[in-house]
Amino acid sequence: MKLVNIGFGNAVNASRLISVMSPDSAPVKRLISEAKANNMLIDATQGRRTRAVLVMDSDHIVLSYLQSETITARFNMEQTEDESDE
């Protein structure tokens with residue numbers, strides 16, 4: 001199991017990550033509010049502004065203060081390390 005750091009010592013399982021999105025669009029905001037209503041929202045921002053929204057395969061929504069590009073780069077770095085290990 002490979003974990004991707006999403007800031008402040010928080011991490012998500014890389015194999016369960018479906019999507020990394022910007023929180024600015026109306027559909028993403030709706031997704032966040034629905035997840036909050038269904039108790040499926042995980043806020044890992046530590047009170048800071050949300051800059052990335054992660055969708056997990058378990059229908060959980062994870063909020064991060066790191067930018068989408070940063071998380072994507074970390075995820076790609078994990079993938080590259082996996083391929084070099086094989």
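Predicted model: local features only at pLDDT ≥ 70, side-chain atom pairs only at ≥ 80, totals over all residues.

Colleague: In which sense do S1 and S2 pair, and over how many bridges?

Modeller: Strands are DSSP runs of E, at least two residues in length, numbered from the N terminus, and two of them pair if DSSP finds at least two bridges between them. Here S1 and S2 are antiparallel, with four bridges. Asn5 stands opposite Ala11 in S2. The two strands form a hairpin with two residues between them, and Phe8 in the turn has a positive phi of about 55°.

Colleague: Which residues make up the largest nonpolar core?

Modeller: Such a core is a set of buried Ala, Val, Leu, Ile, Met, Phe, Trp, Tyr and Cys residues joined through side-chain atoms within 4.5 Å. Buried means under 20% relative accessible area, exposed over 50%, and partly exposed in between, with a 1.4 Å probe and protein chains only. The largest core has twelve residues: Val4, Ile6, Val12, Ala14, Leu17, Ala44, Ala52, Leu54, Met56, Val62, Leu66 and Ile71. Strands S1 (3–7) and S5 (52–56) each supply at least two of its residues, and S5 gives the most, with three. A second, separate core of seven residues includes Ile32, Val53, Ile61 and Leu63.

Colleague: How many salt bridges does a search of the whole structure find?

Modeller: The criterion is a side-chain nitrogen of Lys or Arg within 4 Å of a carboxyl oxygen of Asp or Glu. The search finds one, joining the side chains of Arg16 and Asp57 at 2.8 Å, N to O. Arg16 lies in the loop between S2 (10–13) and S3 (17–21), and Asp57 in the loop between S5 and S6 (61–64), 41 residues apart.

Colleague: Why does Arg16 count as partly exposed?

Modeller: Arg16 is so classed because its relative accessibility is 38%; Asp57, at 41%, is also partly exposed.

Colleague: Is Asn13 buried or exposed?

Modeller: Asn13, in strand S2, counts as buried because its relative accessibility is 16%. Its side chain makes a polar contact (a pair of N or O atoms within 3.5 Å, one able to donate a hydrogen and the other to accept it; residues adjacent in sequence count only if both atoms are side-chain atoms) with the side chain of Ser15, at 2.9 Å. Beyond neighbours within four places in sequence, Asn13 is in contact (heavy atoms within 4.5 Å) with Met1, Lys2, Leu3 and Met56.

Terms used: Residues numbered from 1 in each chain as written. Heavy atoms only, no water.
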